[in-house]
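Subject: Structure for you to look at

Hello,

Here is the structure we talked about. Please open it beside this email and follow along; the notes on what was found come after it.

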Amino acid sequence: MSVVEIVKLGRKYMLLWPERRELAEYFAEYQAIKMSRLVCKYLPGVALFTLVMQLYFGGIASLPQSVVYTVFMLSVPLQALVMLGIKADKFLPPALAAWYKEGVAKINQGGGDIKLSVQKPRYVDLAQLLNVSYRHAKH
């Protein structure tokens, strides 16, 4: 998998994961995804603000330092998406995979027709299942 595919998978994983507080009790990913959403939303703006302020107060002489700070701050959301992409591509542990398969079967028995991977489910498949489960619970 290329780095671009990993970043895309990380973004997909971040967007699929439901924003439900009760998931924090069962999944460690909840906190990582919550922080990644925060970083991806606000850090580019903070980086731009830092660049402008350093250039405003320090003049052109502070340009190298300003660029280094900005590039570092812009790399943090990318790092978060890479880490989420790597996590999303991992296979579920056996106990969680069994729970996942039961959840897919339960939704399909309840009238749903979801086609998720049941052979070797990954964490991104779990995020899709949770997303579908919470969407169906709202209706």
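Helices H1 and H2 are roughly perpendicular to each other, because angles of 65 to 115 degrees count as roughly perpendicular, under 35 as roughly parallel, over 145 as roughly antiparallel and the rest as oblique. Their axes cross at roughly 110° and come within 10 Å. Axes here are lines fitted to C-alpha atoms, for helices over the stretch in contact, with angles running from 0 to 180 degrees between N-to-C directions. Helices are DSSP runs (H or I, at least four residues), numbered from the N terminus. On the H1 side the contact (heavy atoms within 4.5 Å) is made by Tyr 13, Met 14 and Leu 15, and on the H2 side by Glu 29, Ile 33, Ser 36, Arg 37 and Cys 40.

This is a predicted model, in which local features need pLDDT of at least 70 and side-chain atom pairs count only at pLDDT 80 or more, while totals for chains, interfaces and linings use all residues. Residues are numbered from 1 along each chain as its sequence is written, and side-chain values use heavy atoms, with hydrogens and water left out.

Several residues of H1 are buried (under 20% relative accessible area, with exposed over 50% and partly exposed in between, for a 1.4 Å probe and protein chains only). They are Ile 6, Val 7, Leu 9, Gly 10, Tyr 13, Met 14 and Leu 16.

Next, the core. A nonpolar core is a set of buried Ala, Val, Leu, Ile, Met, Phe, Trp, Tyr and Cys residues joined through side-chain atoms within 4.5 Å. The largest one has 27 residues, and Tyr 13, Trp 17, Leu 23, Phe 27, Leu 92 and Leu 126 have the most contacts inside it. At least two of its residues come from each of H1 (3-16), H2 (29-58), H3 (63-88), H4 (94-109) and H5 (123-138). H5 gives the largest share, eight residues. Beyond four places in sequence, Leu 126 touches Trp 17, Phe 27, Leu 92, Leu 96, Trp 99 and Tyr 100.

Two residues of H3 are also worth a look. Ser 66 lies in this helix and is buried, at 0% relative accessibility. A polar atom of its side chain lies 2.7 Å from the backbone oxygen of Ser 62. Thr 70, also in H3, is buried with a relative accessible area of 10%, and its side chain reaches the backbone oxygen of Ser 66 at 2.8 Å. Leaving aside neighbours within four places in sequence, Thr 70 is in contact with Ala 47 and Leu 51, while Ser 66 touches Leu 51, Gln 54 and Leu 55.

Regards

Note on methods
A polar contact is a pair of N or O atoms within 3.5 Å; within protein, one must be able to donate a hydrogen and the other to accept it, and residues adjacent in sequence count only if both atoms are side-chain atoms.
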